[in-house]
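Thanks for coming. I will go through one model today, and the picture goes up now.

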Amino acid sequence: MAVYNEFLYDTIGNEHPRKNLYLLEVARLQEQIRNSAKSDKTEFVRELRELKRNRKSHPYNVSLSAFKKDEKTFRKNLSESKKAYSREIKGRFSPKITRLKILGFLSGQMEPFYKPFTGLSYDALMHYEEALIIQRQIDGVTEFISEHETAMADAKAARKTIGGEDNKKARAGLFDFKKIQRQKYKADIASLRKKIKEGIISKKAFEAEKAQLKKKQAYAILVKSYELPGKGNRELIKSLHYQVTKGFRREITVLNANIADLRRKTPVEITRVVPVNAFLSFFLPGFGQVLNGQYIKAIFFFLISIFTYVIAIPYSLGYANFQGDGIAGLISLAADGSKLDKSLIFMIEGTLSVYLIIFAVVLVYISFRDVFKVDRDRIRGVRPRNWFETKTSLFEEGFPYMVSFPAMFVIVFIVLVPITTTMLLSFTGMDPQNQSKFPWVGLENYKLIALGQGIAGKAFWYILGWSVVWTLVATTLAIALGFFLAVFTNNERIKGKLFFRTIYLLPWAVPSFITIMFFSIMFSPNGAMTEIITKLLNADAAIVVKYNPMLSRITLIFIQGWLGSSYIFLLSTGVLQSIPEDLYEAAQIDGATAWQKLKRITLPMVLFQTAPLLIGQYTFNFNNFSVIYLFNGGGPFNPTKYGNLAGSTDLLISYIFKLTTDNQYQSIGAAITMVISLGLMVFAFFGFRNSKAFKKSDTE
Amino acid sequence: MKKQKHKNALYLSDRQPLAFAGKIGVLMMYIILASWAAAIIWPLYQMIVSAFNGRQGSYLILNREFEFSWEHFEYLFEETLYLTWVKNTIFIAVTTAIVILLIVSFTGYAYSRYRFKGRRASLMAILLIQTIPTFAGIAAYYAMHTIISNIIPAFSRQMMLVLIYAGGGIASNTFILKGYIDSISTELDDAGRMDGCSSMKVYRLIIMPIARPMLAVIGLWSFIGPFMDYLLPRVLLTSPQTYTLAAGLFTLINDIRNTNQPAFAAGGLLTAVPIVIMFILLQNQLVSGLAKGSVKG
């Protein structure tokens, strides 16, 4: 049973009495039923039933329907008289004034019509007061605009007469004025010079004064130049144009804001108590907004409908696909497609379909929520927003969503779709024999790498082991090197700080691919380093680092130390310089040794402030493809241990790279990618959880 | 003589006089610092020398006699596609920087100033997404490019590369910029709003001018990233005409058919010089920008 409240509540939450007397009676009876003792209840219930049966003949309802009928004819007449009026004033005023006049005309018609009904319905009250607001303001606006428009027309007319003698005269006047100014300036400067000579003012003060005089002179000339008829006229027109366009917009906004204010304070009264609009329009976003009377808003929500029914659903059903079959393609993977069909493309289009559907569902739900909320509030008495209000709130509350949309779009389609595809790929059997078409194989790939089996999976554990060792040793080495170099360089007794700092910056500044490639050249069979090492060790045959797995690894670690220390050096230097000197002085007084100061003050300070960046260095090195691949392509190769695909210095990332691009074991590559991505995520999660950044965003 | 002695006895420093052990320590520090400096300079010096040494053949050999010549640079410009690579690299790097700046300046502002639904969840998602390495999508990029370029024929592999770099850079840079904008007082926003600024105007007239130094740093890093990357160009770009510098220069030492190590040294030198100058001039901004972003979050 529909339960009514005795009062209505507007947007702000103010209480208003009902104007619908019939509903008021119903509400009162319902209230009495709720509060009365059981014996009296039957009496009230009967009364209520009686009231409801005679709903149509209730005096209020009779007058309300009469009003509605009147209103209908009035509206019809109004639109006709509006047409007539606009024909009448057509061509007599500027477009802006015409718009204002029509607005004024409409409100002038509405005010007397709605006035007698203000006690009957809140809608009538609102229309009446809206008309009043418009009438109150419209004259002022019209006057303002027409005044400025006339002035502009005058200015434009005046422009035609400008020129000839007048202009010449003015120009000559300006020229004279300039001359006078210049003379005055010179005189001023001369008097200033004199002051210097007498020693009254300093040289600096003279310069400042001179600059000021110059500015003053230029400004005076500028002001005078507006007296030129041409220039003055141009400026005047510009300013008037600004006044007219901006002023008009501003006045209309003020008017709309006043009306919006009125709407917020005037409730709405409807007989319905269930927000059915939302459910009615669930499958057709936009329709519900129409039912709620928000027409312009509805246009935008219809776009959601179009997206859902024209793009998302057909695409995921397989229409308009490039090659795939929508979501179905995800399951079949082109198994019984034509020869040219590629499983991978079916997979990507399937993934795309899934994301499109998710988008569509979210958007449809948003529309549903919107309609539901407006409808529910309307039952309480809140008037639905008009387009002006919606637009305003959209630009404020909707702002973060609107501006993050491009970011979300790029992230979904360029980051998430490929990652999802890789994830799916790891459960398929895409290998050199099955490039174009491949089936789902479940966890087979993960099993292969876990057990270290197969051509591609054989080397996994070795490579993982080396990757971990590499990450820990190379990064720690770089950090230690950078830190100690920074400490030494910043020692107060060391001279030539700038020199050392500039040199230590170089490994970071020179693009690393260049230095790595050059190192690769130097360590090649007849390269410089090979020669030096051979000489140093006094060996008979040339010692080629690149041919020896252990030497290669050690060299790589040193190269990374060379490359990575630079950045840590810069970071630590920054922190070191910000450590207050008093700490060290206090330690000195307490008799601390240099080592104790380093251990108890410097090290904790630097580590604490750079911790997230240091963690970043570890993950960076875990994925440091360039140094491994560009130095020796992951080699030297050792087929008995690693198989033919990987070398003994390959990291997981270069291994994945080789699997996916050179050897076409995409599925196993994808499985390994998933494993390390998960690992890195967990690592990063624990890293971030303890960092300030995370805690801060957590508490907000 | 007496005077001299007197002068020696006068010790005019805040610091304690060094004991013998301390003197040894300082000396050791100098030795370490100097040898590390030498270790840095030596390979770079070798590169510069070999780039200008006319006596070097296509393989670099130590202690060759030196004879100054522009020969390798001439080879670089005439026989290789060096200039095309420079053009490609600059195109990719600049476009990436612009796309990232455009997107991130908005998201950084939105995440810093607005408390909207889904903010925390998406921040978390951003944090996790940025840990997934960009190469995770390698296998899909190819096929995706095939699909897109079939719909939009003008969509080149380089543009795909730009999009991938941009997609990879949004998350972390949003975070960095958010941290920076957090440190700008909201009273400025309030003042602007009182004067009738809309969100867009606050962004344009207040936040962006103040955040400009950070935007410059983000732009610079977004420019440097694609510049230095080798992996993705190697995967996505297939013809030498479309290579970036990293991929192109590698062919000079890796590909037996056109190996020319001195020319590589020359190309590396040419590429490194502007970057090194930029880094030396802007080192404080580059480092502090990164540090700020990560600490304040």
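What does the domain assignment of chain B give? It gives domain 1 (20–74) and domain 2 (81–259), with bounds that come from an automatic or database domain assignment. The C-alpha centres of domain 1 of chain B and domain 2 of chain B lie 36 Å apart.

Some housekeeping. This is a predicted model, in which local features need pLDDT of at least 70, side-chain atom pairs count only at pLDDT 80 or more, and totals for chains, interfaces and linings use all residues. Residues are numbered from 1 along each chain as its sequence is written, while chains are lettered from A and ligands numbered from 1 in the order in which they are written.

Now chain A. Its domains are domain 1 (7–142), domain 2 (276–425) and domain 3 (473–641). Between domain 1 of chain A and domain 3 of chain A, the C-alpha centres are 80 Å apart.

Chain A has 29 helices and 2 strands; these are DSSP runs numbered from the N terminus, with helices being H or I of at least four residues and strands E of at least two. The radius of gyration of chain A, taken over C-alpha atoms, is 41 Å, well over the 27 Å that the globule rule gives for 700 residues, so chain A is more spread out than a compact globule. That rule is 2.2 Å times the number of residues to the power 0.38.

On confidence: pLDDT is the predictor's confidence in each residue, from 0 to 100. The mean for chain A is 87, and 98% of its residues reach 70 or more.

Next, where the chains meet. Chain A puts 82 residues into the contact and chain B 76 residues; two residues are in contact if their C-beta atoms, placed from the backbone, lie within 7 Å. On the chain A side, helix H15 (residues 399–425) supplies the largest share, 16 residues.

Last, the inside. Of the 700 residues of chain A, 32% count as buried, meaning 20 or more other C-beta atoms within 10 Å of a residue's own, against 12 or fewer for exposed and partly exposed in between. Which residues does Ile218(B) touch, not counting those up to four places away in sequence? They are Ile100(B), Leu101(B), Val104(B), Asn173(B), Ile176(B) and Leu177(B).
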